[in-house]
Amino acid sequence: MELVERRAVLAGLAGLLEARAAELGPAGAAELGPAGAAELGPAGAAEAADRWRQGGALRRVLGDRAGEGEDLRRAARALWRCGRGEEAGRAGRRAAELLTGAAGARAYLDLAEAAGAAQDLVAVAAWARRAVAADGRVAARARWELALARVVAGGGEWGAVEAGCGVEGVEEAARRGLAVGELALLHGDPARAGRALERTAAHCREHGLTWQLQEAEAQLVHLRLCEGHWREAVRAADEALRVPGLPLPARVRTLQVVGTVRARRGEPGVWGPLDEAVAAADPVDLRLLGPVWVARAEAAWLGGDEERAAAEARHGLAMTGGRGAPWLAGALAVWVRRSGGRVPQLRAAGPYAAELAGARAAAARAWERRGCPYEAALARLGGDATAVRRALAGFEAAGARAAAFRARARLRALTASGGAAHTP
């Protein structure tokens, strides 16, 4: 490159980096991870990602592989925060190719984290191993990512995952606490989720972590839904949705809660928030999007459209790609079954596995032990008249008018057939 051209590129790079630092502030300029990106809101995160990529392109012209890789790594994290997972994956993989040593290990761990959100458990293990090979000092975080992946797969122990939340890094501790809360909710474990999320919310308040606190509060809204506190959940969700620049994951979760409660109560306006949630969520992020497909299947079933319910659930199953997440697969598969469809061969976990095996009473008892009364009532709905009456009582107590309507119809069918109504 000619000296004059090189100087022009350097001047352009310096101006770009100066502008970027001014926009993001001292913390953001130092390290635009998920915190810095989401602090700006989805639009700000997207703009920040574009600037990091521009910087990477300039550094590539200069032959600065390490600088290009670091800019791309930061761009990938910003892209992930604003729901552009496929672009984030490409940028992150290119960053890992360019970086070595500790920087390369960070890039590989970012990819392992993203693979965990996609519930691609094989990829989590592969990226974690590469991270340790690049720099053995990251072994502790790599082990935590692997432990989390094993819990997702249904074969791991929560102890190692929860113990790993007590790390020294302020933002890393928040990230891990949020991941535990999210996974516990997906696994129908509100007690564990509550402990993790209350602790994480307090940690975020103490350290001024704004977007992480918003995400913790959104998960706590989902927790209230699981526990049966629907009025409280809707009130908190409505308040959250009025906050300007609400981070994307928090917005998707709160929209899901609003749509779900409306569907269960038999209220209008069900599909607006559920459609917005599925449109906003990153299709790569199954931990976020998967529960939305579950909610959409339930909403269709409650509305009497069993064909659509089965289709929504099958779509969600297709999105998982058989990646070995039995709780999410089970949550979707039961809606295929409840809608009269044939369930494909898959591995389910917990009460979902029991219901799919025909052990509805055992599934209901398991949900009750977990503190999920509505799910217990749903499991009973496919049983005999006594079980359906218990389900109906549960629905009426919760104010679940749409589900109660289904239960009454089921009781009438059982009475007409002498107790032998067909159950899918």
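How much accessible surface does the protein have, and what share of it belongs to carbon and sulfur atoms? The accessible surface comes to about 18000 Å², and 53% of this belongs to carbon and sulfur atoms; such areas are computed by the Shrake-Rupley method with a 1.4 Å probe, and for residues only the protein chains shown count as cover. The structure is a predicted model, in which local features need pLDDT of at least 70 and side-chain atom pairs count only at pLDDT 80 or more, while totals for chains, interfaces and linings use all residues. Residues are numbered from 1 along each chain as its sequence is written, and side-chain values use heavy atoms, with hydrogens and water left out.

The secondary structure of the protein consists of 23 helices and 0 strands, where helices (H or I, at least four residues) and strands (E, at least two) are DSSP runs numbered from the N terminus. Of the 424 residues, 56% count as buried, a word that stands for under 20% relative accessible area, whereas exposed stands for over 50% and partly exposed for values in between (1.4 Å probe, protein chains only). Among the contacts in the protein with a separation of 6 or more, 58% are between residues 24 or more positions apart, a contact being a case of heavy atoms within 4.5 Å.

Not counting residues up to four places away in sequence, W144 touches A160, V161, G164, C165, R175, R176, A179 and V180. Leaving aside neighbours within four places in sequence, R253 is in contact with E182, E215, A218, Q219, R287 and L288.

The next topic is charge. Side chains of opposite charge can pair when their charged atoms come close. The structure holds 45 salt bridges, each defined as a side-chain nitrogen of Lys or Arg within 4 Å of a carboxyl oxygen of Asp or Glu. In one of them the side chains of R224 and E227 meet at 3.5 Å, N to O; both residues lie in helix α12, 3 residues apart, which is about one turn of the helix. R224 counts as buried at 18% relative accessibility, while E227 is partly exposed, with a relative accessible area of 27%.

Another salt bridge joins the side chains of E267 and R401 (3.8 Å, N to O). E267 lies in the loop between α14 (248-265) and α15 (271-280) and R401 lies in helix α23 (residues 401-416), so this pair ties together parts that are 134 residues apart in sequence. E267 counts as partly exposed, at 29% relative accessibility. Elsewhere, salt bridges that share partners join E70, R73, R74, R77, R106, D110, E113, R141, E145, E172, R175 and R176 into one network.

What remains is the space between the atoms. Rolling a probe the size of a water molecule over the atoms shows where empty space is left. On a 1 Å grid over the protein atoms alone, a cavity is a set of points where a 1.4 Å probe fits but cannot get out, and a pocket is an open set with protein on both sides within 12 Å along at least five of seven lines, with lining residues having an atom within 4 Å of a point. Grid points are joined across faces, edges and corners, and a volume is the space filled by probe spheres set on the points.

By this rule there are 2 cavities of 30 Å³ or more, and the largest cavity holds about 470 Å³ of space. Its lining has 27 residues, of which H222, Q256, V294, Y352 and E375 lie nearest the centre. The largest share of this lining, 6 residues, comes from α16. The lining divides into 15 nonpolar, 5 polar and 7 charged residues, where Ala, Val, Leu, Ile, Met, Phe, Trp, Tyr, Cys and Pro count as nonpolar, Asp, Glu, Lys and Arg as charged, and the others, Gly among them, as polar.

The second largest pocket holds about 480 Å³ of space. Of its 25 lining residues, W80, G89, L111, A114 and A115 are the closest to the centre.
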